[in-house]
Amino acid sequence: MKASSLAASLMSLLVVGSLAADDKFLPGTQPLTGTNDLSLGMIAGIDRFLDRELAASVERRAAKWHRNFSSPEAYTKSVEPNRERFRRIIGVVDERVKPELHLLATPTQSAQVGEGWGYKIFAVRWSVLPGVDAEGWLLQPNQEPVADIVALPDCDTTPEMLIKPFPARLAQMGCRVLVPMLMDRRDTYSGNPKIRMTNQPHREFIYRAAFEMGHHIIGYEVQKVLAAVDWFSADAKRPIGVIGYGEGGLLAFYSAAVDTRINAALVSGYFQTREQVWREPIYRNVSGLLEEFGDAEIASLVAPRALVIEASRHPEIARPPAPSQGRAGAAPGVIATPSADSLISEFNRAKKLVEPIHPPLEMVLTANYPFLPDVLFALDPFLKALKLWPPPSIIGGPGHFTGNSTVDAERFHRQFDQLVEHTQRVLREGEARRAELWTKPNLNLSHAGFPPAKDSAAVVKKYQEDTRWYRDYLWDEVIGRFPPASLPMNPRSRLVYDEPTYRGYEVMLDVWPDVYAYGILLVPKDLKSGERRPVVVCQHGLEGRPQDCANPKVESRYYHSFANKLTERGFITFSPQNPYIGKDEFRVLQRKLNPLGKTLFAVIARQHERTLDWLAALPFVDGERIAFYGLSYGGKSAMRLPAMLEKYCLSICSGDYNEWIAKNASTTFKGSYMFTGEYEIFEWNLGNTFNYAEMSWLICPRPFMVERGHFDGVGVDEMVAYEYAKTKRRYDLLGTGDRCEFEYFSGPHEIHAVGTFDFLHKHLNWPKR
């Protein structure tokens with residue numbers, strides 16, 4: 001016998017003997033002490049870790065910029081890659097249609113809806129995307145315009161307020177002004193009256209489906225601004241500016257950053273340090289924003305063009321519309337006026353980023369900060385930047401508006417419906433977009449021949465090579481990849497169960513500072529010397545705990561103590577805590593992760609990676625036979641974690657496998673997350689990259705199984721079967737069809753533990769007892 005084999009056998013004998021003789025904690029671990037709630041403690045620790053990551057993002061951004069200050073032209077060219085990435089993450093990804101603007105009139109109402117000194121106001125519509133128009137108001141000066149301006153009041157501004165403060169002032173100065181109608185923060189149309197209405201602000205309702213499909217409410221409204229710039233640019237060449245307040249300030253700022261045709265921007269009520277964006281309404285959530293862009297970096301995209309920042313009171317938004325009459329589900333979020341220090345420090349950082357550029361950025365602080373905007377003071381540098389100085393003298397007041405509130409409400413509803421329908425259009429196109437992504441050479445299985453190859457080792461090996469790029473793409477671009485664990489493992493354990501046939505231990509493993517992996521290991525008592533057994537990782541669902549799967553004293557409603565039952569069959573089981581517990585406390589983690597370009601599974605993946613390494617090192621564990629079996633949110637884990645972590649030798653998805661993209665983004669499916677409180681569930685651009693079939697292709701050729709009850713409300717059989725057919729086909733064409741199974745059962749959302757247990761015995765090569 002080799003020395004290494006002898007040492008391993010002696011270690012195994014020592015461990016088995018120790019398990020029998022000293023059961024206070026596992027050999028090779030330190031005692032786990034304390035009485036803290038380890039599940040909720042995990043959430044608190046991750047929260048602290050993410051606060052540090054958000055703060056550190058400011059310094060990390062510099063590595064993604066390569067500014068060239070040799071000339072204004074060279075600078076603009078040097079930041080173009082950053083501009084393109086910014087354009088993509090805010091969802092400005094569709095080609096706009098030919099710019100056309102139309103006056104809107106009805107048999108009972110003229111297109112002219114108001115006038116003031118030197119200008120008239122018209123109700124207008126202009127084309128943006130296929131099926132999407134912008135609607136709003138055109139303030140047309142009576143003389144030849146001297147400049148073209150897109151003016152964006154805050155999204156809750158009523159039409160009657162259009163003519164003040166700044167659109168009317170600009171029109172009086174001879175500017176042609178377009179004012180787009182923006183989606184507001186009310187919830188009037190948020191939902192489907194045939195299914196459920198919600199209290200989500202209109203902006204959030206559109207955000208949810210759009211985000212899943214690589215679009216954004218911000219992107220849609222920036223496109224409306226840029227379509228106005230298209231229309232302006234088709235006319236005589238005049239200076240073009242954007243000006244906005246509140247949500248309109250955000251849009252003016254972002255529009256100027258992505259389109260160099262805009263000569264100057266004035267932003268009021270939106271500029272500050274942005275590392276607390278997770279506190280703001282979710283419709284401001286931009287995936288990956290803070291890894292490359294704070295407000296200072298976005299300002300540097302406007303340079304060398306003029307940017308005027310007015311420090312003023314922000315719109316004060318304390319919460320979404322209150323739940324009422326069955327309406328619920330909105331994400332929390334606050335907009336508040338930042339401290340002057342927050343604004344000034346970010347502006348100074350912006351100035352430092354572009355210091356060599358001339359002319360420098362300009363910033364105006366109103367004398368009565370933090371009160372309402374002082375447009376007269378803020379407009380001066382903006383007009384100077386547009387070469388409209390000195391401005392003409394203005395005679396008379398701001399004018400009057402004679403719009404029809406009923407007509408305006410109809411226009412708003414039409415705008416809302418168009419954007420919702422566009423999200424559903426890109427949802428329908430998602431399958432084709434995913435097919436376009438999955439065209440890497442040699443991935444097409446036609447080379448396998450017909451009939452399918454019989455588990456040809458060469459075919460399978462080639463398939464695994466071809467899918468590695470997609471595995472990395474899923475982890476890097478969709479889930480988000482943190483660096484590996486940085487701390488020593490430092491395993492701690494304590495005995496919590498002592499049953500006739502097995503013992504149970506709570507186990508903790510360090511990952512990063514404040515972040516740990518935690519779960520319950522169940523070990524059969526009949527382990528023999530030198531024996532290495534398979535492990536089944538048993539994963540709980542939403543708001544669950546390891547005890548739901550592994551507590552021998554209480555059989556939980558959904559899990560039916562499946563970890564205990566598997567251990568009684570001779571398997572070793574480990575039931576991890578995943579950090580989706582604590583309601584809004586864990587959802588805040590997702591809000592903090594998204595601006596870093598990551599999701600909750602970015603943390604979970606490294607926790608499981610650490611757990612896998614520890615399990616595989618145990619002398620009584622066969623590291624080649626570690627399986628994953630999860631229910632509900634644990635089923636979500638079963639799709640994502642084994643797709644990234646190849647140390648899982650098989651995966652069973654229970655109560656979650658679905659036509660997942662429709663489940664998230666459909667406004668006509670009654671089980672859609674569009675109508676529920678799980679606002680954290682949406683994953684940026686998932687609909688164009690990975691549905692559950694594509695995730696299962698990354699698990700393939702390892703064994704994979706779906707378990708589903710006919711009465712499980714997470715989906716409907718037909719939708720699930722449609723998606724599964726693509727999974728099964730992939731396995732069959734590789735000649736590995738015997739590794740892929742589906743079990744329906746007549747029951748609800750729960751672990752059934754019949755066909756799945758047989759599947760585990762078969763593919764983990766463990767005899768039934």
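**Pockets, cavities and cores**

Visitor: Which residues lie nearest the centre of the largest pocket, and how many residues line the largest pocket?

Guide: The largest pocket is lined by 37 residues, and those nearest its centre are Arg 88, Ile 89, Glu 477, Trp 684 and Asn 685. This is a predicted model, in which local features need pLDDT of at least 70 and side-chain atom pairs count only at pLDDT 80 or more, while totals for chains, interfaces and linings use all residues. Residues are numbered from 1 along each chain as its sequence is written, and side-chain values use heavy atoms, with hydrogens and water left out.

Visitor: What makes a space a pocket, and what makes a space a cavity?

Guide: On a 1 Å grid over the protein atoms alone, a pocket is an open set of points with protein on both sides within 12 Å along at least five of seven lines, whereas a cavity is a set of points where a 1.4 Å probe fits but cannot get out; lining residues have an atom within 4 Å of a point. The volume of the largest pocket is about 870 Å³, and about 80 Å³ of space lies in the largest cavity, where a volume is the space filled by probe spheres set on points joined across faces, edges and corners.

Visitor: Which residues line the largest cavity?

Guide: Among them are Gln 590, Leu 600, Tyr 633, Lys 636, Arg 640 and Glu 683. By class, this lining has five nonpolar, one polar and four charged residues, since Ala, Val, Leu, Ile, Met, Phe, Trp, Tyr, Cys and Pro count as nonpolar, Asp, Glu, Lys and Arg as charged, and the others, Gly among them, as polar.

Visitor: Why does Leu 139 count as buried?

Guide: Buried means under 20% relative accessible area, exposed over 50%, and partly exposed in between (1.4 Å probe, protein chains only). Leu 139 has 2% relative accessibility, and therefore it counts as buried. Leaving aside neighbours within four places in sequence, Leu 139 is in contact (heavy atoms within 4.5 Å) with residues including Tyr 119, Lys 120, Pro 167 and Val 179.

Visitor: What makes a set of residues a nonpolar core, and how many residues has the largest one?

Guide: A nonpolar core is a set of buried Ala, Val, Leu, Ile, Met, Phe, Trp, Tyr and Cys residues joined through side-chain atoms within 4.5 Å. The largest has 212 residues, and Phe 86, Phe 253 and Phe 382 are among those with the most contacts inside it. Apart from this core lies another, of 27 residues, among them Tyr 502 and Leu 760.
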